[in-house]
Amino acid sequence: MKIDFAGIFNKKNKTFIIVGISILVLLILFSELLPQGTKKSSALNYLPDENKYISELKTEITEFISKIDGAGKTEVYISFESGFETVYAEKNSQSSSDLDDKSGDSAKKENSSEYEYDYLTIRSDAGNESPVLLKVKYPKISGIVVACEGGGNTAIKEEITNALRAAFSLPSNKINVNKLRRN
């Protein structure tokens, strides 16, 4: 079977071929502009797990204190001022205006400034935008309570308090060491 290519490309068929190719090109271009689905911001993937952080910190402190001579079995409670804080890159703009106050004998001028903040974002290859994360501030410890078998001994209490003061820059009134109750 022989195909007559000259007959396919006659004037009538050329119009259909050109229109068909044009439609295909337009479909490809428009498919790139359509949303690819909604995904959560990738900046959220950088945030540490708060519960995991607290659990690991509590475990480290407990293991450390139990190694102090005379402390024995230890349990720890930690309180925090706040949770994780994120700092994102911002772009800001300032607008100011002068207000004239002509009440009384003298004219007064007041300045009024307004700041507008907006986060800088980056676009991923998939087209999702996410804010630019500069840093993550870990929760600040506001107090530590320790219950250990040796907590009734004044010398051991002082050793534990001094160790926690040095490790976390806490004043001694934010650290409480008690004797662990036996079951």
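Which residues does glutamate 50 touch, not counting residues up to four places away in sequence? Glutamate 50 touches Gly83 and Phe84, where contact means heavy atoms within 4.5 Å. Welcome to a predicted model, in which local features need pLDDT of at least 70, side-chain atom pairs count only at pLDDT 80 or more, and totals for chains, interfaces and linings use all residues. Residues are numbered from 1 along each chain as its sequence is written, and side-chain values use heavy atoms, with hydrogens and water left out.

**Glutamate 50**

- Glutamate 50 sits in helix 3; helices (H or I, at least four residues) and strands (E, at least two) are DSSP runs, numbered from the N terminus.
- Its relative accessibility is 32%, so glutamate 50 counts as partly exposed (buried means under 20% relative accessible area, exposed over 50%, partly exposed in between, with a 1.4 Å probe and protein chains only).
- From C-alpha to C-alpha, glutamate 50 and phenylalanine 84 are 7.1 Å apart in space, and 34 residues apart in sequence.

**Helix 4**

- The buried residues of helix 4 are Ile156, Ile160, Thr161 and Leu164.
- These residues cover an arc of only 135 degrees around the axis, which puts them on the same side of helix 4 (the arc is that of the directions from the helix axis to the C-beta atoms).
- On the other side of helix 4, exposed positions are Thr154, Glu158 and Ala166.
- Helix 3 (50-66), strand 8 (141-148) and strand 9 (175-179) are what the buried residues of helix 4 pack against.
- After helix 4 comes serine 169, with a positive phi near 50 degrees.

**The nonpolar core**

- The largest nonpolar core has 18 residues, of which Ile61, Ile65, Ile144, Val146, Ile160 and Leu164 touch the most other members (such a core is a set of buried Ala, Val, Leu, Ile, Met, Phe, Trp, Tyr and Cys residues joined through side-chain atoms within 4.5 Å).
- Strand 8 gives the largest share of this core, 4 residues.
- Isoleucine 65 is in contact with Ala71, Thr74, Val76, Val146, Ile160 and Leu164, leaving aside its neighbours within four places in sequence.

**Strand 1**

- Strand 1 and strand 8 run antiparallel and are joined by 7 bridges (two strands pair if DSSP finds at least two bridges between them).
- Serine 79 has glycine 143 in strand 8 as its bridge partner.
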